[in-house]
Amino acid sequence: MATVPIPTVSANPTNLFASIDMGTNSFKLLTVQFNPSTGKFLHLHRLKEPVVLGRQAASAAAAVDSQLRAIEALKEFRNFLQNHEIHRHRTVATAAVREAGNQAEFLRRVRDEVGFEVEVLSGEEEARLIYLGALQFLPIYEKTALVIDIGGGSTEFLLGQKGKVIFGTSVKLGHVNLTQKFVNHNEILQMRSHIRSILRQCGIVEKIKHHGFEITVGSSGTVQSIEKAIFSGFSHNLVSNDGALCGDLGRDWRFSREELRILVERLCGGGGEAIERARRDRFFKRRSEFIVAGAVLLDEIFAMLDIQEMEVSGYALGEGVVAEMLLQVCDNYDFNANARWGSVVRLATRFLGKKKMGTASQCANIMKVIFEGLRKRDTLAETENRVKLPVSLNDKDLEYLEAACMLHNIGLITGEKGYHKQSCNIIMNGDHLYGYSTEEVKLIALLARHHRKKFPKPNHGSLKGFSKEVKEKFEMLCAIIRVSIAVQKHRGLNIQGMEFSRSSEGFKLIVSETKDQSLLPGIVQPLAEGDEAELRKELGHFEMVFQEKLSIAVPSSSSESSERSRHLQWMH
């Protein structure tokens, strides 16, 4: 019988996009996978290099050693994009390059040595792109939003509504230049006075108050670190020594003026200075050097603009650059179309670090390939004289599985033991998922709950109250998410593309790997103990539910048709 291939969207280079943000403190690479049919984009990778381009730029010219770090970082990013076959990318630079006296020379070096054309953003353009990024993360499209982004060399202010900019500007106050100017811990009062003076001179306070705003949004690393510290109980010694979160798991991405004041008080004083500095370094890590200046700056902005509460966006300039790229290639791209999906991403981002977010995204990619293959199989079942699935899979089922894939491991925030149950509890207990019905939230939570350990039976007690159709589907959805997670664990984050096909022998998932030059051809990353056994077990569950075998094939070279392909055929 002929094989019917169903290629994955992730194998299509036209659906992969990347942005490079050359900031004052660090360079950041963001890669995403875009689904044109839904308008969703899924984060694949986040890379960050602490270049600190403006550290020694006292004369406003980027220092030689900073330039060397910058070139090396960009070369790393270039190699990463090439290895992952990502051809659509845009590189932007902000305050440090914008203010550098040797800007033209530096950009020429980047072009000649790396091959990147760098777009130096004006302060207003930077603010606009940050607003576009925030629109992808928070449901603020209809509101007049004041967006504040504290960077290393400048702070961007923007007022926007419905995707349009009302007012935007950039002020030369950043956590790096403030730290350089006010080196000593006892210069906090002088720093505050300097910040107030600059904000008064530029007229930003009067302009913002003249227009007015309904909601305040903060973005980028400084604001996110401040929110994390408040959420974790850093101000009250509720955070563990290793930086683990001990805060309210139901809390949303926001903080009040009073909470910020208490944190700033703790950062600027309290306890022995050496002890406090060590504690701060453990929690804030590489950002520790600049967090005091960033927090004091935000505290002064709150006071001068009479801000009482700030919502926090996990997306900023990088996502804004991606969003604008998508606008150019997708005529019907809608900033406000994916409020439901945005709430899933917000909840995942709340509890997962960059590595775990990458893992969750990879699981969602694998799941989508398998899901679409099964749906295609059902469509062709009649013509091939095969029995159809007992219940047809639809777009809603795919959406629930995508959400469950992104959220299945958020319970790890409380530790390894029983984390699947904790994931379920977090999803269920709190108004985290926007636009989903109570039944939909419960279904997503149960899929996260049953992604591991004992395979649920069709009459499982947790399904009480669901319709007969949902109960019949649940077993199929569980089999799909469990095998997707098992494949991801087995292959690690080295997957480049996938193809799902079926023949008389059953289903086959062909996994091609990235051109990672740090690994020899055909050599996979070491398996965690038990991962191979887990994959065998989940392939057995898949066969039990769908009555067909599934094999996993990993080509040992770039040619997927190679006779030397290694087949992992673990079927019961």
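## Sheet and helix packing

In this predicted model, strand S7 (residues 145-150) and strand S8 (residues 155-161) run antiparallel and are joined by six bridges. Take leucine 146 as an example: its bridge partner in S8 is leucine 159.

Let's step back to the whole sheet. S7 and S8 belong to an open sheet of six strands, ordered S9-S8-S7-S10-S12-S11, with mixed pairing. Strand S9 (164-171) and strand S11 (254-256) each have a single partner strand and stand at the edges, so one side of each is left without a neighbour in the sheet. From one strand to the next, the twist averages 25°.

A helix joins the picture here. Helix H7 (residues 204-211) packs on the sheet, where H7 touches S7, S8 and S9.

Now for a pair of helices. Helix H8 (residues 220-232) and helix H11 (residues 288-305) have axes that come within 10 Å. How do H8 and H11 lie relative to each other? Their axes cross at roughly 85°, and angles of 65 to 115 degrees count as roughly perpendicular, so H8 and H11 are roughly perpendicular to each other. On the H8 side, the contact is made by Thr222, Val223, Ser225 and Ile226; H11 brings Ile291, Gly294, Ala295 and Leu298. Sorted by class, this contact between H8 and H11 has five nonpolar residues, three polar ones and no charged ones.

| Pair of elements | Angle |
|---|---|
| H7 and S9 | about 165° |
| H8 and H11 | roughly 85° |

Technical notes:
Residues are numbered from 1 along each chain as its sequence is written. This is a predicted model: local features need pLDDT of at least 70, side-chain atom pairs count only at pLDDT 80 or more; totals for chains, interfaces and linings use all residues. Side-chain values use heavy atoms; hydrogens and water are left out. Two strands pair if DSSP finds at least two bridges between them. Helices (H or I, at least four residues) and strands (E, at least two) are DSSP runs, numbered from the N terminus. Axes are lines fitted to C-alpha atoms, for helices over the stretch in contact, and angles run from 0 to 180 degrees between N-to-C directions. Contact means heavy atoms within 4.5 Å. Angles under 35 degrees count as roughly parallel, over 145 as roughly antiparallel, 65 to 115 as roughly perpendicular and the rest as oblique. Ala, Val, Leu, Ile, Met, Phe, Trp, Tyr, Cys and Pro count as nonpolar, Asp, Glu, Lys and Arg as charged, and the others, Gly among them, as polar.
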